[in-house]
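User: I would like to learn how to read a structure like this one. Please show me the general idea of each feature and then the case at hand.

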Amino acid sequence: MLTSRNVIVGFVALAMVAGCAHQKRSVKREKEPGQAEELSGNWSAVDAKETSEAIIKDCFSQGWLDAFAKEAGRKPQIRVRNIVNKTDEHIDAQVFIKNLEKAMVNSGKVSVLAQEGAELNSVRDEQKMATSGESEGDNVSVGNQKLGDFAVAVRMTSILDQVEGKKTKFYKINAELLNTTTGEKVWIGDHEIQKTIEQAGASW
Amino acid sequence: MNKTVIRVWITATVLLTAACGIKPDQYYQAMRPNLLSGNYQAASEYLAKNKEKVFSERDRLLYYMDQGMLTHMAKKYGESNKLLESAKQTAEDLWTESIGANAAAWVTTDNSLPYQGEDFEKVLIHFVAALNYIGLADHNAARVEARQITAKLELYNSKYTEGKNAYRDDGFARWLSGRLAETEGGNTALNDAWIDYKKAIDIYQTDYAERYKVGVPRFVVADALRVLDALGGDFKEELNQVKSRFPAVTFSKEADLKTMGQVVFIHLSGEAPAKVDKFWEARSDQDILRIAYPEFVVKPMNIVGASVELAGNVSQTEMAEPLSAIAVQNLADHMGRIQAKAIARAVAKFIAAKAAQAGGDKMAKSSNKNMAMAGALLSLAGTAAEIGNYAAEQADKRSWITLPAAVNVAQVAAPVGPQELKVTLLNAGGRPVRNVTLPVDVKAGQISFVYYRTFE
């Protein structure tokens, strides 16, 4: 009942509650990275992990490695050369490319060379120092860098289909091994992801 | 004193208390002479000295943003970044709204709530931080700010469905992210930049055209064409699409720029609008109900752009970020909610005041002397409250007051070495107002950012 007493008590209660502010943030650590819940529907850690695993598995299960080793009598030398992102999101391909390089090195069957950019620049800087006359020792020399028998090219594309409140996203990630002498594609691997994102209308 | 009397005193206090809101334009006007004369250090010292007096705990985000801007203009980049980091953290923390505080604000005033910052203000925190890192020649860190901008804008994109009237994305911030991405060098950087430029063009053509009546700046299209051309065959289709959409825009090829540098001139012009109280009144007999809501007053601006010249290359600035229009439109988006709260609040306070008067009048007739006194007080408090509510009704006038009214950009290719960028500041009629010369050290194949602030 809207008596003066009730209104007064109501006001006082509200005024006293007014000061309370709680910090509502908690952080939960996933035991296995790449397993967490997907939130926005954009490219996520789950996508990167899944793509990584699929491409590595495919790469090592095809015949190009054995064919090369048999013909050349040595491990193939590989350099990641071209990464093309045709999606509308900032996707860092290095997240799964590094996993691929790591799997290649750890298998002991493939020799991985430095990527163009910061990696190769580090090598060149060290060589520059060797020829500058600033350092002693002859363990670093110029002109002995290996060339890639194969170049890795990665291409990421996406298709977005949407109406208000609902959208489907399709990602396709392609990785190819190109013979740098003949231009032949010796391996093509890909991974496809499709998601449907639904969203209730925003309220104020 | 018995419980009823105590309760009455509390009520009287509650009814008579109006949380006075901070008026950012007040301290801004006190600092303005220093700002106009370029004496940013003095303005910053003034704000620091008056911090306790002007800002309460609820307004700390404003302090961090304003002091962050002032120290940035005084070229105290490290100090500015510390303040802007506090601003970012505070905005994150305040995102969790206290239910109790919100309920109380429905009854007393929005000024009793901490200032959370508008969405576009939160994006601009990163813009000023990026300028700081550019000033410190740390492009790596500036790129981090660019990534944080992208993350924020993606969040706003997902917050508002298309078609809803809200600040969902930022053309200028997307372009800046792309430009900063380019500073890394290499094809991946150009690819990343294209993704930002593409979004920027879309946003200018949709949201910005509709909400702020601004067209796509030519320099954004030129940057998009340049990176697409440099990316080669894989992006030939996209290059042709952009060319056909903007047949009049020319661009310098990336290859031609290898032996030169690029200078990006960022001109921050004018002063952000300030909020004032607007009132509605409803009268009946002796009763009067007053409702306050905020409205932006846009400040007049004389210098609206600039023409730049470097080693014979000339370029004109174009409007990249219409901040005044963004602020005004953003407030208009929220006005429904602001006014609904203001009405509910005014009505609730009116009822309480009337109830206190009626209740007090009844108690004043009591034979118990204490009751009678308490009753008289309550009635008085009720009447005073009705008058007080009228007088004290204030809108929330908080906003980031040290922002400019607009950001304008011009780009020019430059020969390598220490150069002088000759800037002619222009009024709306295109007439020169004054000149300024800014030094810039141009490096081959790299981007140099130069920025300048005008207030008048």
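**Reading chain B**

Analyst: Start with one residue: B:Ala410 lies in strand 7 (residues 406-414) of chain B. Helices (H or I, at least four residues) and strands (E, at least two) are DSSP runs, numbered from the N terminus. This is a predicted model, where local features need pLDDT of at least 70, side-chain atom pairs count only at pLDDT 80 or more, and totals for chains, interfaces and linings use all residues. Residues are numbered from 1 along each chain as its sequence is written, while chains are lettered from A and ligands numbered from 1 in the order in which they are written.

User: Is B:Ala410 buried or exposed?

Analyst: A residue is buried if 20 or more other C-beta atoms lie within 10 Å of its own, exposed if 12 or fewer, and partly exposed in between, with C-beta atoms placed from the backbone. B:Ala410 has 24 C-beta neighbours inside 10 Å, so it counts as buried. In chain B, 45% of the 456 residues count as buried.

User: Which residues does B:Ala410 touch?

Analyst: Two residues are in contact if their C-beta atoms, placed from the backbone, lie within 7 Å. Leaving out residues up to four places away in sequence, B:Ala410 touches B:Phe265, B:Ala306, B:Val308, B:Ser315, B:Gln316 and B:Thr317. B:Phe265 is 145 residues from B:Ala410 in sequence, yet their C-alpha atoms are 5.2 Å apart in space. For chain B, among contacts with a separation of 6 or more, 71% join residues 24 or more positions apart.

User: What is the order of the strands in the open sheet of four strands?

Analyst: Two strands pair if DSSP finds at least two bridges between them. In chain B the order is 5-4-8-9, with antiparallel pairing. The edge strands are strand 5 and strand 9 (432-442), each of which pairs on one side only. On average, neighbouring strands of this sheet are turned by 20° against each other, direction ignored. Axes for such angles are lines fitted to C-alpha atoms, for helices over the stretch in contact, and angles run from 0 to 180 degrees between N-to-C directions.

User: How many bridges join strand 4 of chain B to strand 5 of chain B?

Analyst: Four bridges join them, in the antiparallel sense, and strand 5 covers residues 313-316. One bridge pair is B:Glu309 with B:Val314 in strand 5. The two strands form a hairpin with two residues between them, and B:Ala311 in the turn has a positive phi of about 50°. Strand 4 (residues 303-310) also pairs with strand 8 (residues 417-427) of chain B, over six bridges in the antiparallel sense. There, B:Val308 stands opposite B:Val423. Strand 8 in turn pairs with strand 9 of chain B over 10 bridges, again antiparallel, and B:Lys422 has B:Thr437 in strand 9 as its bridge partner.

User: At what angle do helix 5 and helix 6 of chain B pack?

Analyst: Angles under 35 degrees count as roughly parallel, over 145 as roughly antiparallel, 65 to 115 as roughly perpendicular and the rest as oblique. Helix 5 (residues 60-73) and helix 6 (residues 77-94) of chain B pack at about 155°, with their axes 8 Å apart. Therefore helix 5 of chain B is roughly antiparallel to helix 6 of chain B. The contact includes B:Leu61 and B:Tyr64 of helix 5 and B:Leu83 and B:Leu84 of helix 6.

User: Where does B:Lys75 lie?

Analyst: B:Lys75 lies in the loop between helix 5 and helix 6 of chain B. Most residues other than glycine have a negative phi. B:Lys75 has a positive phi near 60° and is not a glycine. It is partly exposed, because 13 other C-beta atoms lie within 10 Å. B:Ala137, in the loop between helix 8 (119-135) and helix 9 (139-159) of chain B, also has a positive phi, of about 60°. With 12 C-beta neighbours inside 10 Å, B:Ala137 counts as exposed.

User: What average pLDDT does chain B have?

Analyst: pLDDT is the predictor's confidence in each residue, from 0 to 100. Chain B averages 88, and 91% of the residues score at least 70. For the complex, the predictor gives an ipTM of 0.72 and a pTM of 0.83.
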